[in-house]
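Please look over the sequence and the structure before reading on.

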Amino acid sequence: MSAVPPTSPPKTEETKSVIDMSKMNEGQRAALQVTEAAREAHDDLSFVAQLFMGRWSPEKLHPVTEVDADEKARADRFLADLAAFLRAHVDPEAIDRTGEIPDAVMGGLAQLGAYGIKVPQRYGGLGFSQTTYCRACQLIASHCVNTFAHLSIHQSVGVPQPLMLFGTEEQKQKFLPRVAAGEISAFALTEGGVGSDPARMKTTATPTDDGQAFLLNGEKLWCSNGTRAGLLIVAAQTPPKLVDGRPRTQITTFVVEANSPASRSSTAASSWATAPSTTACCASRTSACRAPTSSAARAAG
């Protein structure tokens, strides 16, 4: 039986927004506007996106995504080696008890290339597709969820993915080889009293007078991987821009060196889902931390 080819729904007002903002307060409306402004438009929505809009699109589920033959051969070898390493060297119960992922485990994962699964080979990564990355995540999570969280945070919201999507060539050459080789990256968004609501974020990035840098000031909580990271993705408010005649909050992410003089992390505190301090959360403070304009993962805002 042949699969029904996917079709794109006609563009209507419903595809723009199905959320009623009439009963929202100003803060809720601002948060939604920031989120919607950052949303990428796609003519061909995924199965889950269609489901969220109340549409049933089974044609999105079949046929299952396959990788090309050349990648499949490499991917199968990598996944076999990864599975063997997990069985031989990763003790999930010991990691739960001690609260640490051993250095030897992280070193072995780095040798396998597990910190740069999707990073292109020209930057030192394995250069695999999202499909192979998902197969690796499934394999790791089925063996040790703490190790999975550590690797996934590093690659999905840490430095690799934002730079691959939005980074300049200079940024990619500077940072991707480091994270692909095993230098850990973390993500700093959440703040006390604010949570993960970017519209209410207190951390600011103020342009310097010469336009060559931003000065970051603020405190982040629950920075996963933060206690072991060499690099952080830090989200901050940059000066607002006029949109439809009204100022709108702008959020910019910066690649920040964890050992920057004005950046420091406090003691780890485990979350309910992950015990190790490697994957646990920490507070990170920046006080007049100078971030070059070139460190923004995308143009400001």
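## Overall composition

The structure is a predicted model. Its chain has 301 residues, of which 40% count as buried. Ten helices and seven strands are found in the chain.

The accessible surface of the chain amounts to about 16,400 Å², and carbon and sulfur atoms account for 55% of that area. When contacts between residues at least 6 apart in sequence are considered, 68% of them join residues at least 24 apart.

## The nonpolar cores

In soluble globular proteins, nonpolar side chains tend to be buried together. In this model, the largest nonpolar core has 39 residues. The residues with the most contacts inside this core are Phe-78, Leu-82, Val-90, Leu-109, Leu-216 and Phe-254. Both helices and strands contribute: at least two residues each come from helices H4 (69–89), H6 (103–112) and H7, and from strands E1 (185–188), E3 (213–220), E4 (231–243), E5 (246–257) and E7 (284–292). Helix H4 gives the most to this core, with six residues.

A second, separate core has twelve residues, among them Val-159, Leu-176, Val-179 and Ala-180.

With neighbours within four places in sequence left aside, Phe-78 is in contact with Leu-112, Ala-114, Ile-117, Leu-126, Phe-128 and Ala-136.

## Leu-139 in helix H7

Helix H7 spans residues 130–143 and contains Leu-139. The relative accessible area of Leu-139 is 24%, so this residue is classed as partly exposed, given that buried means under 20% and exposed means over 50%.

Apart from residues up to four places away in sequence, Leu-139 touches Leu-79, Leu-82, Ala-83 and Leu-86. Another partner, Leu-82, is listed among the residues with the most contacts inside the largest nonpolar core.

## Gln-161 in helix H9

Gln-161 belongs to helix H9, which covers residues 160–166. Is Gln-161 buried or exposed? Its relative accessibility is 19%, and Gln-161 therefore counts as buried, since the cut-off for that class is under 20%.

The contacts of Gln-161, not counting residues up to four places away in sequence, are with Lys-118, Gln-155 and Ser-156.

Terms used:
Residues are numbered from 1 along each chain as its sequence is written. This is a predicted model: local features need pLDDT of at least 70, side-chain atom pairs count only at pLDDT 80 or more; totals for chains, interfaces and linings use all residues. Side-chain values use heavy atoms; hydrogens and water are left out. Helices (H or I, at least four residues) and strands (E, at least two) are DSSP runs, numbered from the N terminus. Buried means under 20% relative accessible area, exposed over 50%, partly exposed in between (1.4 Å probe, protein chains only). Contact means heavy atoms within 4.5 Å. Accessible areas come from the Shrake-Rupley method with a 1.4 Å probe; for residues, only the protein chains shown count as cover. A nonpolar core is a set of buried Ala, Val, Leu, Ile, Met, Phe, Trp, Tyr and Cys residues joined through side-chain atoms within 4.5 Å.
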